[in-house]
Amino acid sequence: MVSSPVVEAPWRTALRGARATIGPGLVLQVAALALVLAYYHHVPTRTWLERLAEFRAEKGFLFGIISTGAVGGLLPFLYLRSRSATRGRYTWGQGAGLVAFWAYKGLEIEIFYRFLARVVGERADLPTILTKMGIDQFLYCPFFAVPTTVLVYAWVDAHYHVAPVAKDFLQPRWYQRRVLPTLISNVAVWVPAVCLIYALPTPLQLPMQNLVLCFFTLMLAHVISRPAPTNAANG
């Protein structure tokens, strides 16, 4: 008798992802915290960041489009292409699609941050930060940002063929299988990081998000590029 394949529970998939990223994720959070503290307590850092905010304001939405496309799509793609183990993971055409997607995300995130600033406020006190974090991580991400990102990556992985993506989407428990593991494994990194992002003035939130995203996507690319551990029990 041929046994049916065992489908791994989403929480187990998420736990594996969290274990792979928890160490570098802590380093990322410490670096982000150091930058926020330096902004409020180190005059040269504050001066430099205020100049960055002025440059961002001068370029408008174009800043977010270019910077997010570069750090979310281009850098991890080039990293994966530079390693023999993952060179064939994405073609140049697929890489261009990922860059275009993250460029769009830069525009979306910029609009989202401006929306939160208008609706919730721009103060950097604890209630404002926690309110923005709650809307970000428990409304925007689970109901829109992560599902759309999962779908786009699946579409790119399928070399832009819609049929296999649609077939998987229509299978039972798509959200539980595809989205929930990503949400759970990322929460330990992004909840603290988002709090630090919202602790900065609105003009600096997207540059800070780009900094975190840069390290995060490179970290994930590094995890992807490592050979999978062998399980002696399967041998």
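Q: How many aromatic pairs does the count come to in this structure?
A: In this predicted model, the count comes to eleven aromatic pairs.

Q: What kind of pair do the rings of Phe55 and Phe63 form?
A: Rings whose planes are over 60 degrees apart count as edge-to-face. The planes of Phe55 and Phe63 stand at 80 degrees, with the ring centres 6.1 Å apart, so this pair is edge-to-face.

Q: Is Phe55 buried, partly exposed or exposed, and which of these is Phe63?
A: Buried means under 20% relative accessible area, and exposed means over 50%. Phe55 has 41% relative accessibility, so it counts as partly exposed. Phe63 has 14%, so Phe63 counts as buried.

Q: Where do Tyr113 and Tyr198 lie?
A: Tyr113 is in helix α4 (residues 92-119), while Tyr198 is in helix α7 (residues 174-198), so their pair ties together parts that are 85 residues apart in sequence. Tyr113 is buried, at 4% relative accessible area, and Tyr198 is buried too, at 1%.

Q: Which residues do ring pairs link into a cluster?
A: The cluster is made of Phe112, Tyr113, Tyr140, Phe144 and Tyr198.

Q: Which ring has the charged end of Arg46 over it, and which has Arg114 over its face?
A: The charged end of Arg46 sits over the ring of Tyr39, 4.5 Å from the ring centre. Arg114 lies over the face of Phe61, 4.3 Å from the centre of that ring.

Key:
Residues numbered from 1 in each chain as written. Predicted model: local features only at pLDDT ≥ 70, side-chain atom pairs only at ≥ 80, totals over all residues. Heavy atoms only, no water. Phe/Tyr/Trp six-rings, centres within 6.5 Å; stacked < 30°, edge-to-face > 60°. Buried < 20%, exposed > 50% of the residue type's maximum accessible area, 1.4 Å probe, protein only. Helix = DSSP H or I, 4+ residues; strand = E, 2+ residues; numbered from the N terminus. Lys NZ or Arg CZ within 6 Å of the ring centre and 35° of its normal.
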